[in-house]
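Subject: A structure to look at, with notes on its cavities and backbone

Dear colleague,

I am handing over the structure below, and I would be glad if you could look through it with the notes that follow.

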Amino acid sequence: MLDDVHAHSGAVYLLAPDEPVLEMAVKAGLPRAFTAPWERVGLAAPLPVAQALRELRLIWVNGEEQMAARFPRIAVVLPYPFALAALPVATPVTVYGAIYVTWPGSRPPELAEWEREHLTAACERLAWRLERVDAGNLPLGPDPGRLTTRRTALAGGTAGSAEAARMAARLPHGLCALDLHGSISYMNPAAAEMLGVPAGALIGSPLWAAVPWLNDPMYEDRYRAALISGQVTTSFVALRPPGDWLSFRLYPGSDGLSVRIARARPLAGTGHTAGMPARGTARLVTISHLLNLATALTETVGVQDVVKLVADQIAPAVGCKALVILGSHGGRLHVLGHRGYPDEYVIERWHGVPLSEQIPGTHVLTTGVPAFFDSWQQLERLYPKRQGTQDGMASWAFLPLIASGRPVGTCVLAYAEPHPFPADERAVLTSLCGLIAQALERALLYDAKQQLAQGLQAALLPHSLPSLPGIEAAARYLPATLGMEIGGDFYDLVPTGVRAAAVLGDVQGHNVTAAGLMGQIRTAVRAYTTVGQPPAAVMRSTNRLLIDLGVELFASCVYLRLDPGPGRVVMARAGHPPPLLRRPDGQVRVLDLAGGPLLGIEAEASYPTSEFALPPGSVLALYTDGLIESPGVDIEDALAELGELLALYGDEPLEALADQLVRDTATAVERPDDVALLLLRAVRPV
């Protein structure tokens with residue numbers, strides 16, 4: 001497929017059988033180090049392969065600018081000029097996975113029709129082959145270590161290869177070949193002389209690992225840029241101590257890079273960064289993951305988002321089998337999330353353990369000092385009083401999550417095989433946990449605010465609606481998705497002997513202040529109703545109360561006095577959207593009757609009342625503006641659509657009708673305003 005469309009890299013992802021995750025099965029054209037951050041991709045992730053599978057269509061990104069705008073996670077880790085296409089691998093009945101392919105940035109910005117057809121046909125063929133394999137119960141599983149390369153044959157066969165080597169040896173400038181992993185596969189004598197390292201010590205090692213003065217992330221970045229972008233203009237100049245400058249020009253291909261080394265003139269103002277100990281491509285993976293994780297963590301919201309991100313991206317990168325994120329509450333350990341442990345009992349042992357208990361999880365959480373155990377014996381030796389049995393793992397890293405100078409949790413990484421934890425890996429894991437800790441601190445605060453907001457909202461709204469003779473009732477409340485998910489919309493149903501009062505209102509704002517004022521208004525309306533005030537007086541009293549409170553917030557309200565015996569309703573309105581009345585014959589009327597201004601504006605405002613009939617079988621719909629207002633939609637059109645839904649589904653049970661009326665609003669990704677709905681149906685008393 002890559003050859004057909006002249007692409008230079010790509011990968012196949014398969015859908016995991018038991019979770020909504022895409023796992024990389026095979027790749028071509030790039031080493032694992034480059035793609036490691038995306039070996040496991042959640043279906044909801046903002047990445048091209050996930051979007052292609054979600055939407056079952058081709059996703060095209062034509063270069064750096066589009067990548068930065070649409071998929072910033074990739075652009076941060078791979079800030080190079082390249083184009084990408086992602087396609088789903090699916091039959092009409094089964095989804096198997098997705099594919100991506102990349103091209104150098106020099107290609108045309110638009111995907112040609114013939115390229116689109118070739119890619120689509122290749123994915124369809126793969127899907128049908130996977131279906132046949134699936135039907136035969138043959139295993140489908142990822143093999144992320146497999147790297148497919150396309151090698152170019154050398155004219156003349158073996159004899160040609162030998163002659164090419166002799167020709168390169170006669171040239172005065174240095175030549176060397178790097179494979180896709182950056183390891184040196186060939187070097188002529190001139191290159192070895194310029195680098196100051198014997199050729200035998202270089203073959204098989206990454207250039208920046210074998211040559212100490214090239215041990216700088218900047219030079220690795222140039223190698224990555226050349227390999228991913230496919231541009232032959234990639235070059236850099238490096239200082240060979242004590243004072244020799246060398247230029248390196250990189251020529252990328254489908255199976256590696258050719259490097260031309262020549263002597264260069266000293267560059268004014270060019271400095272040299274001293275290299276640090278490296279472990280070849282392992283350091284490259286670390287840089288990629290740090291960048292990718294830092295970008296992804298900015299998108300997390302709650303604690304479970306952080307746990308999922310660590311499980312999907314960090315755990316595969318560091319090779320651990322399981323992980324646990326621990327916090328504290330009330331002086332005891334609290335399990336915030338976990339992955340990889342099949343036995344829930346292992347997790348339950350930690351939950352609720354006093355912080356004074358001498359176990360690694362509490363010690364790391366209280367001291368902020370990491371702990372590494374490469375064997376069960378070492379763990380038992382250092383913590384002999386530790387209670388519990390083996391958890392099936394062989395090595396553990398207990399890492400403090402420190403944010404704002406204090407521990408906010410502990411990240412436990414468990415390995416299925418013995419793991420020695422060398423010093424540089426310990427430093428990397430600690431750095432990763434520094435990023436995780438900052439996201440976890442924000443997530444804990446967010447979750448606490450959400451719990452507070454939801455608890456406050458639930459306390460201020462009726463827990464249930466009373467049963468009334470001759471009246472059926474149903475209600476719905478949906479918080480806004482922006483901010484604290486709390487608002488000022490409210491409803492209530494108050495029995496008053498043979499009569500009843502229904503009220504629905506909307507206090508300005510979507511915050512704790514609005515919610516608190518809403519609770520005061522609802523309580524006041526209920527009190528004024530209970531003492532027998534008529535609808536107009538209830539509105540006037542509530543208006544004066546709002547002005548006396550001096551909160552500088554307004555509120556809209558609609559108040560109904562229901563008399564189900566004779567089937568009559570008296571209504572008073574304060575700047576609120578008009579209710580809808582569905583008659584027994586299915587016709588819907590907008591009750592845009594007389595009313596007064598918003599509550600809290602004018603102390604001496606009056607609120608005229610209107611009376612109308614409510615025969616058995618009629619349905620009244622009271623709602624707030626969040627149900628009918630949305631960007632780009634005319635409010636009259638939205639009200640007409642609500643009336644059509646009420647006419648169409650008005651004979652259904654009231655709970656089902658309520659679900660139908662809020663269905664589109666409830667499933668919206670973003671809801672800028674909260675929504676309250678109160679439905680009332682007149683029935684014949686039994």
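When the whole structure is searched, five cavities of 30 Å³ or more are found. A cavity here is a set of points on a 1 Å grid over the protein atoms alone where a 1.4 Å probe fits but cannot get out, and lining residues are those with an atom within 4 Å of a point. The grid points are joined across faces, edges and corners, and a volume is the space filled by probe spheres set on the points.

This is a predicted model, in which local features need pLDDT of at least 70 and side-chain atom pairs count only at pLDDT 80 or more, while totals for chains, interfaces and linings use all residues. Residues are numbered from 1 along each chain as its sequence is written, and side-chain values use heavy atoms, with hydrogens and water left out.

The largest cavity holds about 200 Å³ of space, and its lining is made of 16 residues, with Tyr13, Trp38, Ile74, Leu84 and Tyr100 lying nearest its centre. Two or more lining residues come from each of α3 (48–55), β5 (82–90) and β6 (95–104), where helices (H or I, at least four residues) and strands (E, at least two) are DSSP runs numbered from the N terminus. By class, this lining has 14 nonpolar, two polar and no charged residues; Ala, Val, Leu, Ile, Met, Phe, Trp, Tyr, Cys and Pro count as nonpolar, Asp, Glu, Lys and Arg as charged, and the others, Gly among them, as polar.

The second largest cavity has a volume of about 70 Å³, and its lining has nine nonpolar, no polar and no charged residues. Among them are Leu178, Phe236 and Val259, and both α10 (207–210) and α11 (217–229) supply at least two residues.

Turning to the backbone, most residues other than glycine have a negative phi, and most peptide bonds are trans. Pro241 and Pro242, however, are joined by a cis peptide bond with omega about 5°, and Pro242 sits in the loop between β10 (235–240) and β11 (244–253).

His6, in the loop between α1 (2–5) and β1 (9–15), has a positive phi near 60°. Phe421 has a positive phi near 55°, and is found in the loop between β17 (406–415) and α17 (423–460). Is each of these buried or exposed? His6 counts as exposed because its relative accessibility is 58%, whereas Phe421 is buried, with a relative accessible area of 2%; buried means under 20%, exposed over 50%, and partly exposed in between, for a 1.4 Å probe and protein chains only.

With best wishes

How values were computed:
1 Å grid on protein atoms, 1.4 Å probe; cavity = no way out; pocket = protein on both sides within 12 Å on 5 of 7 lines; lining within 4 Å.
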